[in-house]
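Thanks for coming, everyone. I'd like to walk you through one model today, from its loops to its sheets and its pocket.

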Amino acid sequence: MGPGSGATENDLKAAFKIGEIVAEKGFYVLTGGRASGVMEAAMKGSKSGGGTTIGILPSEDGKDLSDFVEIPIKTGMGSARNNINVLTADIIIGIGIGPGTASEIALAIKAEKKVLLINQRDDAIGFFKSFGHNKLFILQNTEEITDHLDT
């Protein structure tokens, strides 16, 4: 999970690498499915690693569908589809931060999912840590992802 148009270059690099690593470990990559930011980079990385990608799209018509989505799910739910993203995933990886990403991380904490955060601002980390979620992990680099891929 991560920002679309607000993603930084570091977010995009991390998303690609994490998508690649996750695919190589046999996991599917599920994102918001749009051709933008972290979503696009993670799915591109997954395809590079031989993985399968699922895109939970906000629209009914698949507008902005990434070319890297293998399994598109058109919801027509707008941002409400964030809850589908979270509840469908085994592990939530938050790369960077924006309002949509923050909502997905908060929903993941509420659903007691394992949450991995990378490229987060200190204030965001403090906010999410304040909930006392014992399955919240702050990663310093993409290589640490492999230590946390058990569900």
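First, a term. Helices (H or I, at least four residues) and strands (E, at least two) are DSSP runs, numbered from the N terminus. With that, look at Asp64, in the loop between S2 and S3.

Before going on, the ground rules. This is a predicted model: local features need pLDDT of at least 70, side-chain atom pairs count only at pLDDT 80 or more, and totals for chains, interfaces and linings use all residues. Residues are numbered from 1 along each chain as its sequence is written, and side-chain values use heavy atoms, with hydrogens and water left out.

Back to Asp64. Its phi is positive, about 70 degrees, although Asp64 is not a glycine. How accessible is Asp64? Asp64 is partly exposed, with a relative accessible area of 46%. The cut-offs: buried is under 20% relative accessible area, exposed is over 50%, and partly exposed is in between (1.4 Å probe, protein chains only).

Glu112 also has a positive phi, about 60 degrees, and is not a glycine. Find Glu112 in the loop between H4 and S5. Glu112 is exposed, at 57% relative accessible area.

One more loop residue. Thr75 sits between strand S3 (71-74) and H3. Thr75 is buried, at 19%. What does its side chain reach? The Thr75 side chain comes to 3.1 Å from the backbone nitrogen of Met77. A polar atom of that side chain also lies 2.6 Å from the backbone oxygen of Leu57. These are polar contacts: pairs of N or O atoms within 3.5 Å; within protein, one must be able to donate a hydrogen and the other to accept it, and residues adjacent in sequence count only if both atoms are side-chain atoms.

Now the sheets. Strands of a sheet pair through backbone hydrogen bonds, either parallel or antiparallel. Here, two strands pair if DSSP finds at least two bridges between them.

Strand S2 (residues 53-57) pairs with S3 over 4 bridges. Ile56 has Ile73 in S3 as its bridge partner.

Another open sheet runs S4-S5-S6, 3 strands, again parallel. S4 and strand S6 (136-138) are at the edges with a single partner strand each, so one side of each has no neighbour in the sheet. S4 and S5 share 5 bridges. Ile95 partners Ile118 in S5. Strand S5 (residues 114-118) joins S6 through 3 bridges, and Val115 partners Leu136 in S6.

Why is S5 largely enclosed by the rest of the structure? Because 5 of the 5 residues of S5 are buried. Both faces are covered: Lys114, Leu116 and Ile118 on one side, Val115 and Leu117 on the other.

Last, the lining of the largest pocket. Helix H1 (9-24), strand S1 (29-31), helix H2 (37-48), helix H3 (81-88), strand S4 (91-95) and helix H4 (99-110) each supply at least two residues of it. Thanks, and over to you.
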